[in-house]
Amino acid sequence: MAASLGPVTRLAPATYERVYGAPVQPERVVGIGVVGYGYWGPNLVRNFTLTPGARMVAVSDLSHNRLVDVQAHYPSIKTTPCYEDMLLDPEIDAVAIATPVSSHFRLAMQAMEAGKHVLVEKPLALNSAQAALLVEEAERRGLTLMVDHTFVYHGAVRKIRDLVKSGQIGRLHYFDSTRVNLGLFQRDVDVLWDLAVHDLSIMDYVIGETPHAVAATGAAHVPGQPVNIAYLTCFFADSLIAHINVNWLAPVKVRRTLIGGDRQMIVYDDLEPSEKVKVYDRGITLGDGPAGPDGPYEMFVGYRTGDMWAPKVSSTEALSLEAAHFVECIRERKAPLTDGKAGLRIVRILEAATQSLKQGGCPVDL
């Protein structure tokens, strides 16, 4: 890590021009185009409209009614049903893609071929081959490719990662997540690709390691529709195991993650209005017991019960932070926290999970 240069003194524009003989060059505003104004597109437009250093230029959608809605709320934003018009617009530097997963690869590749930076809604692509091609294209052209893994920018998830990386939780034993609700059924992906991608992105960010194998089971209860309930297990080194339960047919909405270490344990409940993260000083202790029939001593398990505390977490909207990070990465030419490589890692896990589903839950090596 480079040594700190200390605080930076910014000269007033008049002083800068007197010292250096040239006027200050303002930082270039990044022009944003959003394609897809269905479920997630409006959130992207709203946040980019409020992001310093960004300017919402245009929205593209095939629905005339949606484009009318855009103009009603944002009269200054251009609208077009033709995606190619957006790619030819010199005012647009970056494209945010909020369309069905089956179109991600084509739209992202077209955008980069037109010289645009790209933010893609999760998951990055339908398979790892497509995702790898997008990563290669971004690197070849020197463009920013970022995946909309929104939860990575959530204050609660960032706090959890800080706790894990600090060693306070100890050596991790398990990551257990439940994400269930009644709906929304997707047409082009199953429940793993729709919901588990959130938990996998959290897992990837918090643990910082890639599993060596995955296994998945599930079922489809609607004829002609994809799997709507699934259980995914990820196997890591050192006995760490992750389990993710996703379901489109649950009577209640649950968004809860348990992370257990040998020192402390974390409960993350995204539906909690205030104390989303709780840290429990609880666990087990191992010791030698009295002599037994199998040897001079037997191992016994004791239980440690301590306090619970809820750390303060940022309440800033995650998508707002993500939008600002995307603009910052474009300006400073640096890799995003959720770059194309992170998206590729998640797609590879989902791809292996799909293969395991077809094999009746047999583990698939990564």
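## The second largest pocket

A pocket, as the term is used here, is an open set of grid points where a 1.4 Å probe fits, with protein on both sides within 12 Å along at least five of seven lines. The model under discussion is predicted. In this model the second largest pocket has a volume of about 280 Å³. Its lining is made up of 17 residues, and those closest to the centre of the pocket are Leu143, Thr144, Leu145, Ala335 and Pro336.

Three helices, namely helix 6 (128-141), helix 9 (318-332) and helix 10 (340-358), each contribute at least two residues to the lining of this pocket. Helix 6 provides the largest share, three residues. Sorted by class, the lining of the second largest pocket comprises eight nonpolar, four polar and five charged residues.

## Helix 5 against helix 6

Helix 6 also packs with helix 5 (residues 104-113): the angle is about 10 degrees, and the axes lie 10 Å apart. Angles under 35 degrees count as roughly parallel, and helix 5 and helix 6 are therefore described as roughly parallel to each other.

On the side of helix 5, the residues in contact are Phe105, Ala108, Met109, Met112 and Glu113; on the side of helix 6, they are Gln130, Leu133, Leu134, Glu137, Ala138 and Arg141. Seven of the residues in this contact are nonpolar, one is polar and three are charged.

Strands of a sheet pair through backbone hydrogen bonds, either parallel or antiparallel. Here, six strands form an open sheet with parallel pairing, in the order 3-2-1-4-5-6. Strand 3 (78-80) and strand 6 (145-148) stand at the edges; each has a single partner strand, so one side of each lacks a neighbour in the sheet. On average, neighbouring strands of this sheet are turned by 20 degrees against each other, direction ignored.

## Backbone details in the loops

Where are the cis peptide bonds described here? One joins Lys122 and Pro123, with omega of about -20 degrees; Pro123 belongs to the loop between strand 5 and helix 6. Another runs from Gly183 to Leu184, with omega near -10 degrees. Leu184 is placed in the loop between strand 7 (172-182) and helix 8 (191-207).

A further detail concerns Ser239, a residue other than glycine with a positive phi, near 65 degrees. Ser239 is found in the loop between strand 9 (229-235) and strand 10 (241-247).

Terms used
Residues numbered from 1 in each chain as written. Predicted model: local features only at pLDDT ≥ 70, side-chain atom pairs only at ≥ 80, totals over all residues. Heavy atoms only, no water. 1 Å grid on protein atoms, 1.4 Å probe; cavity = no way out; pocket = protein on both sides within 12 Å on 5 of 7 lines; lining within 4 Å. Points joined across faces, edges and corners; volume = space filled by probe spheres on them. Helix = DSSP H or I, 4+ residues; strand = E, 2+ residues; numbered from the N terminus. Nonpolar A, V, L, I, M, F, W, Y, C, P; charged D, E, K, R; others polar. Axes fitted to C-alpha atoms, helices over the stretch in contact; angles between N-to-C directions. Parallel < 35°, antiparallel > 145°, perpendicular 65-115°, else oblique. Contact = heavy atoms within 4.5 Å. Pairing = 2+ DSSP bridges.
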